[in-house]
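Please look over the sequence and the structure below before reading on.

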Amino acid sequence: MAVISFDHLYRYDELTTALHSLAAQFPTPLTVESVGKSYEGRDIWLATVTNTNTGCHSEKPAIWADANIHSIEHTGSLAALYLIDKLVHGYGTDPLITKALDSRTFYVMPRVNPDGAELVLADSPQFLRSSVRKWPRTDDQPGLVEHDIDGDGRLLTMRVPDSNGPWKVSDRDPRLLVARTPNDIGDGPFYRLLYEGIIRDYDGMKFATAPERRSLDLNRQFPAGWRVHGEQFGAGPFPLSEPETRTLAEALIARTNVCCYFAYHTFSAVLLRPFDDRPDTEFPTVDLKMYNALGARGAEITGYRHVGVYNDFRYDPKDVITGGADTWVYDHLGVFGWTTEFWSPLPHAGITDYHLVDWFADHPIEQDIQLLAYSDNELGGTGFVDWYPFDHPQLGAIEIGGWDTLRFWCNPPDHLLEAVVKPHADWQIYCALSAPQLRHRETKVDRLSETTWRVRVAIENCGWLPTNVTQRAIDKKIAIGVEATISTPTGISAVSGTTRIDLGQLQGHSRVTTMISDFGGAASDETPDVGVAEWVVEGDADAEILVTVRHPKAGLLRIPVTLG
Ligand SMILES: [Zn+2]
């Protein structure tokens with residue numbers, strides 16, 4: 001019984017029902033819990049997916065994916081649901097998923113910001129950036145406020161005739177407006193373009209956009225490099241000041257087994273990685289290499305480019321963005337953090353050779369024509385709504401129309417949703433299987449005297465990443481080593497060595513790339529993936545002892561050892 005369909009954007013109640021129905025249907029791999037409440041009191045759900053018959057979720061390496069911290073980016077929620085759905089349905093039939101759920105854990109938070117997401121899909125929508133909390137001011141400010149003024153459930157653009165307007169109608173397509181040039185000296189018609197809305201406290205002559213509408217941006221308030229609102233718009237009064245970001249951070253930090261983190265956003269069709277505020281030269285070499293390797297695989301699976309934010313995704317070349325979750329998890333938690341920006345209409349319209357953010361600053365009008373043609377021919381004209389007359393109570397005879405922000409730019413049209421999110425689940429499964437994982441290699445017990453034994457237990461990291469995951473974790477002194485602990489029953493005692501032995505970090509398969517090493521030398525593998533714990537114990541033959549080996553990010557092993 002399918003409980004989730006991937007053909008429309010979900011409001012909160014439907015999302016909640018879908019998650020709980022799926023958990024009721026698949027109780028073994030899936031649990032859903034509330035880990036906190038939003039500003040307006042909605043539960044923030046966290047799904048935990050793992051085969052609990054092979055171990056508790058916290059005793060396995062994990063990945064984390066969250067979505068919809070930005071209100072209008074509901075495709076991320078669908079992608080999160082798709083990942084959960086694929087995992088629970090694929091267990092037992094798909095070998096990679098079966099392996100992943102037997103040996104790894106997936107934590108998925110499908111909607112970080114349920115209040116804002118709900119308002120975007122409300123019957124009378126508002127396209128606020130993030131949290132609904134009014135900040136830095138709580139009073140309503142004068143100015144233009146987004147409002148579905150004709151009550152059709154859409155927020156479009158108002159085209160207002162104005163002799164000093166900066167836009168004129170294009171001669172290529174009468175729907176398209178182009179910037180007025182110095183030669184356009186006639187009477188027009190010229191236009192102003194405004195968000196669909198009303199002007200609060202309008203004096204009939206002059207107005208600005210009311211400032212409180214988008215003031216909090218929850219993805220600008222994570223602690224790494226946090227800057228005050230005046231320097232980083234939307235950062236809030238202090239890092240993690242909001243219930244949504246605090247909930248996310250506390251839930252993530254409590255799950256010390258997380259090795260890779262994904263924040264699902266829209267749009268741009270790109271896989272973004274840190275740093276957001278520093279060049280790539282700030283990376284330890286090995287971390288950049290791992291990022292590029294994981295990103296290259298992601299690009300292969302999803303068809304999206306993988307880029308660093310500082311290098312390739314800055315809206316203003318003289319400024320940086322700070323307070324994003326991906327840089328925080330890398331810089332402070334030593335975890336590989338990514339931001340997936342789902343969807344872009346550009347490739348669908350045949351526009352493939354463009355630079356991500358520069359395109360919005362300027363692009364040839366031919367590409368606008370291509371986008372219009374895509375909307376007309378493939379989407380029945382829903383991407384760009386042709387201008388229709390409306391009698392505005394404050395501005396008089398105007399027109400409403402233009403690009404549909406919600407369902408053309410910020411999210412795919414409904415019929416493309418599933419195809420857009422689908423490949424990303426495979427990349428997440430790939431990254432989960434990249435996590436380090438402890439495995440018992442061998443145990444040797446040597447008899448030193450009648451009742452004295454040397455016990456040696458060898459452990460290996462059978463994962464791809466090293467147990468420390470990143471070099472950053474070591475540099476920041478937050479990487480904990482592999483610990484082997486011997487517990488001896490009554491009558492047996494360890495006579496040498498401490499009960500608990502630190503085996504340090506174990507390398508993974510990612511340490512090798514090609515057979516030809518530096519200067520043409522042949523590859524020569526040592527055993528940096530293996531750790532050996534050794535104890536001398538006193539006890540009778542056939543006595544049983546237990547060796548426990550754990551690493552916060554590489555799992556937990558319980559190894560029974562028999563003397564003799
Ligand atoms: Zn976003």
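## Domains, metal site and cores

The protein chain is divided into three parts, listed in the table; the bounds come from an automatic or database domain assignment.

| Domain | Residues |
|---|---|
| domain 1 | 12–121 + 215–343 + 413–434 |
| domain 2 | 143–214 + 347–409 |
| domain 3 | 438–562 |

This is a predicted model, in which local features need pLDDT of at least 70 and side-chain atom pairs count only at pLDDT 80 or more, while totals for chains, interfaces and linings use all residues. Residues are numbered from 1 along each chain as its sequence is written, and side-chain values use heavy atoms, with hydrogens and water left out.

The C-alpha centres of domain 1 and domain 3 are 32 Å apart. Their contact (heavy atoms within 4.5 Å) takes 27 residues from domain 1 and 20 residues from domain 3.

A zinc ion is held by H70 (ND1), E73 (OE), E73 (OE) and H265 (ND1), at 2.1 to 2.5 Å. Donors here are N, O and S atoms within 2.8 Å of the metal (3.2 Å for Na, K and Ca), and because water is not among the atoms, sites may look incomplete. Along the chain the donors follow the spacing H-x2-E-x191-H. H70 lies in the loop between β3 (62–67) and α2, and H265 in strand β11 (residues 258–266), so the pair ties together parts that are 195 residues apart in sequence. Helices (H or I, at least four residues) and strands (E, at least two) are DSSP runs, numbered from the N terminus. Both H70 and H265 are buried, that is, under 20% relative accessible area, with exposed being over 50% and partly exposed in between (1.4 Å probe, protein chains only).

The largest nonpolar core has 97 residues, of which L30, F106, F262, Y264, F336 and L371 touch the most other members. Such a core is a set of buried Ala, Val, Leu, Ile, Met, Phe, Trp, Tyr and Cys residues joined through side-chain atoms within 4.5 Å. Helix α2 (residues 75–90) gives the largest share of this core, nine residues, and at least three residues come from each of domain 1 and domain 2.

Q232 lies in the loop between β10 (197–200) and α5 (243–254). Q232 is buried, with a relative accessible area of 6%.
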